[in-house]
Amino acid sequence: LVSRLVVIVMLGPEMLELYKRILMRELSKALRSLPMVDEVNNLQCSFPAVPSEAPRPKLLHWCGDFSEPMEWSVEWASASWSISLSVSGRLYGLGFSLDLRLHHFGVRGRLRVSVPGGNSGDLSQMF
């Protein structure tokens, strides 16, 4: 139940749109700050909410106390998410252009989470 709620909150359509806007802004800013880059064009991000590609968190350890760390194993892969962009500029006197498409993202690892004051009984005051 907890893992389903986390997926709904973190990867719902509204949150994915927020992530997309943040990533586009930050990626464009980072690329434009490089001295060899003259232009960044066609920056597109596609982060569809695909239920079959939802992360698969598994609770590995929890002692029953919310203020103590919970350890999760997380696996996630998406064939649907993609980022594409075009970059042009000049390096060592030579002009270049690059069209790039990133896709098939994935993450695998462990996550430790603790909720300070989690045993207070009123989790609505925590966030």
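In which strand is Ser82 found? Ser82 belongs to strand 3, which covers residues 70-91, where strands (E, at least two residues) and helices (H or I, at least four residues) are DSSP runs numbered from the N terminus.

## Basis of the model

This is a predicted model, in which local features need pLDDT of at least 70 and side-chain atom pairs count only at pLDDT 80 or more, while totals for chains, interfaces and linings use all residues. Residues are numbered from 1 along each chain as its sequence is written, and side-chain values use heavy atoms, with hydrogens and water left out.

## Overall layout

The secondary structure of the protein chain comes to two helices and four strands, and from the N terminus on these elements run in the order α-α-β-β-β-β. Of the 127 residues in the protein chain, 23% are buried, where buried means under 20% relative accessible area, exposed means over 50%, and partly exposed lies in between (1.4 Å probe, protein chains only).

The protein chain exposes about 9200 Å², and carbon and sulfur atoms supply 59% of that area; accessible areas come from the Shrake-Rupley method with a 1.4 Å probe, and for residues only the protein chains shown count as cover. Among the contacts in the protein chain with a separation of 6 or more, 61% join residues 24 or more positions apart, a contact being heavy atoms within 4.5 Å.

## Helix 2 and its buried face

Helix 2 has 20 residues and reaches 28 Å from its first C-alpha to its last, close to the 28 Å expected at 1.5 Å a residue; the expected span is 1.5 Å times one less than the number of residues. In this helix, Leu16, Ser28 and Leu31 are buried. Seen down the axis of helix 2, its buried residues fall within an arc of 90 degrees, so they line one face of the helix, the arc being that of the directions from the helix axis to the C-beta atoms.

The buried residues of helix 2 pack against strand 1 and strand 3, whereas Glu14 and Lys29, on the other side of the helix, are exposed.

## The nonpolar core

In soluble globular proteins, nonpolar side chains tend to be buried together. The largest nonpolar core of this model has 12 residues, among them Leu16, Leu31, Val37, Cys45, Phe47, Trp76, Trp81 and Ile83; such a core is a set of buried Ala, Val, Leu, Ile, Met, Phe, Trp, Tyr and Cys residues joined through side-chain atoms within 4.5 Å. Helix 2 (13-32), strand 1 and strand 3 each supply at least two residues of this core, and its largest share, five residues, comes from strand 3.

Cys45, one of the core residues, is in contact with Lys20, Leu23, Met24, Ser82 and Ile83, leaving aside its neighbours within four places in sequence.

Ser82 in strand 3 is buried, with a relative accessible area of 12%. Leaving aside its neighbours within four places in sequence, Ser82 is in contact with Gln44, Cys45, Ser46, Phe47, Arg101, Leu102, His103 and Phe105.

Rings of Phe, Tyr and Trp (its six-membered ring) pair if their centres lie within 6.5 Å, and planes under 30 degrees apart count as stacked, over 60 as edge-to-face and the rest as tilted. By this rule the count comes to two aromatic pairs. Trp76 and Trp81 form an edge-to-face pair, at 4.8 Å centre to centre with 65 degrees between the planes, and Phe47, Trp76 and Trp81 form one aromatic cluster. Trp76 is buried at 14% relative accessibility, and Trp81 is buried at 12%.

Leaving aside its neighbours within four places in sequence, Leu91 is in contact with Met36 and Phe96.

Tyr92 lies in the loop between strand 3 and strand 4 (94-113) and is exposed, with a relative accessible area of 78%. The phi angle of Tyr92 is near 55 degrees, a positive value in a residue other than glycine. Asn42, in strand 1 (residues 37-46), has a phi near 55 degrees, a positive value in a residue other than glycine, and Asn42 is exposed at 53% relative accessibility.
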